[in-house]
Amino acid sequence: MRLINRYPDRPSRLLLVILPFALVLFAYFMGSAERLTENPNDKLLPSAGQMIDAVKRLAVTADARSGDYLLWQDTASSLRRLAIGLGISALAGLCLGIAAGTLPLFGAPLSPLLTVVSMVPPLAILPILFIVFGLGELSKVMLIVIGITPCLARDLEQRAREIPSELLIKAQTLGASTWTLMLRVVLPQLLPRLLISLRLMLGSAWLFLIAAEAIASTDGLGYRIFLVRRYLAMDVILPYVVWITLLAWLMDWGLKRLTLRAFPWYEGARA
Amino acid sequence: MSFITVNNVWQQYDDQVVLERLNLNVAEGEFCTLVGASGCGKSTFLRLLLGQERASRGQILLDGEPLAGEPDASRGVVFQRYSVFPHLTVLDNVALGLELPRSPLLGRLFGSAKRQARDEAAQLLDKVGLGHALDKYPAQLSGGMQQRLAIAQALIMKPRVLLLDEPFGALDPGIRKDMHALLLALWRETQLTVFMVTHDLSEGFSLGTRLLVFDKVRVDPHAPGAYGARITYDIPLNSDRRTARAAVDALPAELAGTLRIA
């Protein structure tokens, strides 16, 4: 039988899902054990026990100096920045995308501008953000906003253009003005697409967040990783990376569930 | 008295003439079917009537007034595809037509006004045979049911003109027959003037009270775009229906009303 016609059944599918993860973990702990037997003070590949100790130190014991539980404080700060950044981007991207995609008079100046602005590497203007907005929360949130808004807006503009013109004409024959047409026909059809775009942009949003935190911050997941890097504390860095990955994955999964539940009519939600 | 008057209308894109020297008078309540070869301008003519495009020359009068240059609530339309909103349920697809004109700020009604709009929409949907599917989304409906929905959606606005662009082109023959019966019943019941583009000649003959054939009279083989199509045949049809319609119109208003409801 040709390979293309062979499908895994349920148990073997589960096995195939787990297999690569298990292999990666196995390879890591083999390597870690080998290095640690050679040199018990090796810091590069810490053992599971060392990492659990580090997580305990950061998550369930209060910091001796500040009295905070560092892991949770870092997580809260990072998630707050991310949520504000994503929220502002979603709103701005939606407004710009709808305006550029449905109103030709707005699209003519907006669309080339968005194309050019989306090509500016956000990290290259990070120094400008720090100069203009200071080293506080604002510059970190702005980096996320500037980094992903143009891409969101361009995607939504494209989706707005893909709405069949028949639907827009039909709405006009039903008595819609430009405003109510956008409100009741274009906007609801773009909302599920916005959630999907956000899912795709989550990776970039995390990238910008951690870059901003690494350079100028006093807390946050990215700040902590770059702080302990000086002590080669892989026992902290690795659990933090796993934690960030888990958070990102949960956000992606949550957005996917939300798309399915809130927009049952949207076929693309199943992707 | 002519309801729609087409005065020497030309339509051309760059140097491609699509329609030329179109003259037409249509009385209120006529059912015009538009037939002709592909690309001969039937759909272009329909878009002119809809206000989606403006004629390059000449003018179209609706009830003596020049036609509005953009689509509005006076002319309903049903396309072959993409006529209904995928994000609204069947009921809301029709109720939307009642909500949009009454709520210029939000395009949405609330409370008793919303209930009333939905009741009205449900009544009409019952009439087109969709009473059992009010809560479904269009993607869950068959092609025929989607077109029933599109027709109901257009009729809730009580337009004076209904424009149909090959509305049944994608349907099975059996379903198409049901749709013909539905369309004729609705046409008899309302004062509608219908323009319907079709590729199916027999459909054109059996439904219309007037058949308009579009064709190019002159063809220059060296410049295919030089001449446009005209109406080459204008055939009155189904005179029984036409006279029945005229007789009902001649009756006193209250009596005619009861007849229509019956």
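Modeller: Ala152(B), neighbours within four places in sequence left aside, is in contact with Val94(B), Leu124(B), Leu125(B), Val128(B) and Leu130(B); contact here requires C-beta atoms, placed from the backbone, to lie within 7 Å. This is a predicted model, in which local features need pLDDT of at least 70, side-chain atom pairs count only at pLDDT 80 or more, and totals for chains, interfaces and linings use all residues. Residues are numbered from 1 along each chain as its sequence is written, while chains are lettered from A and ligands numbered from 1 in the order in which they are written.

Helices (H or I, at least four residues) and strands (E, at least two) are DSSP runs, numbered from the N terminus. The contact of H2(B) with H4(B) has four nonpolar residues, three polar and no charged. In this count Ala, Val, Leu, Ile, Met, Phe, Trp, Tyr, Cys and Pro are nonpolar, Asp, Glu, Lys and Arg are charged, and the others, Gly among them, are polar.

The axes of H2(B) and H4(B), the latter covering residues 143-155, come within 8 Å and cross at roughly 25°. Axes are lines fitted to C-alpha atoms, for helices over the stretch in contact, and angles run from 0 to 180 degrees between N-to-C directions. H2(B) is therefore roughly parallel to H4(B); angles under 35 degrees count as roughly parallel, over 145 as roughly antiparallel, 65 to 115 as roughly perpendicular and the rest as oblique. H2(B) passes H4(B) in a right-handed crossing, a crossing being right-handed if the near helix is turned clockwise from the far one by less than a right angle, and left-handed if anticlockwise.

Ala152(B) belongs to the largest nonpolar core, which has 106 residues; Ile144(A), Ala205(A), Leu34(B), Ala152(B), Leu163(B), Val194(B) and Phe195(B) touch the most other members. Such a core is a set of buried Ala, Val, Leu, Ile, Met, Phe, Trp, Tyr and Cys residues joined through C-beta atoms within 7 Å. A residue is buried if 20 or more other C-beta atoms lie within 10 Å of its own, exposed if 12 or fewer, and partly exposed in between. Helix H8 of chain A, residues 178-215, gives this core its largest share, 15 residues.

H2(B) has a part in the contact between the chains too. That contact takes 26 residues from chain B and 19 residues from chain A. On the side of chain B that touches chain A, strand E6 (75-78) and helix H2 (90-102) each supply at least two residues, and H2(B) gives the largest share, four residues. The residues on this side of chain B comprise 16 nonpolar, six polar and four charged.

Arg154(A) counts as buried because 22 other C-beta atoms lie within 10 Å. Its contacts, neighbours within four places in sequence aside, are Leu114(A), Thr115(A) and Ser118(A). Arg154(A) and Ala100(A), 54 residues apart in sequence, are 8.7 Å apart in space, C-alpha to C-alpha.

Methods:
Contact = placed C-beta atoms within 7 Å.
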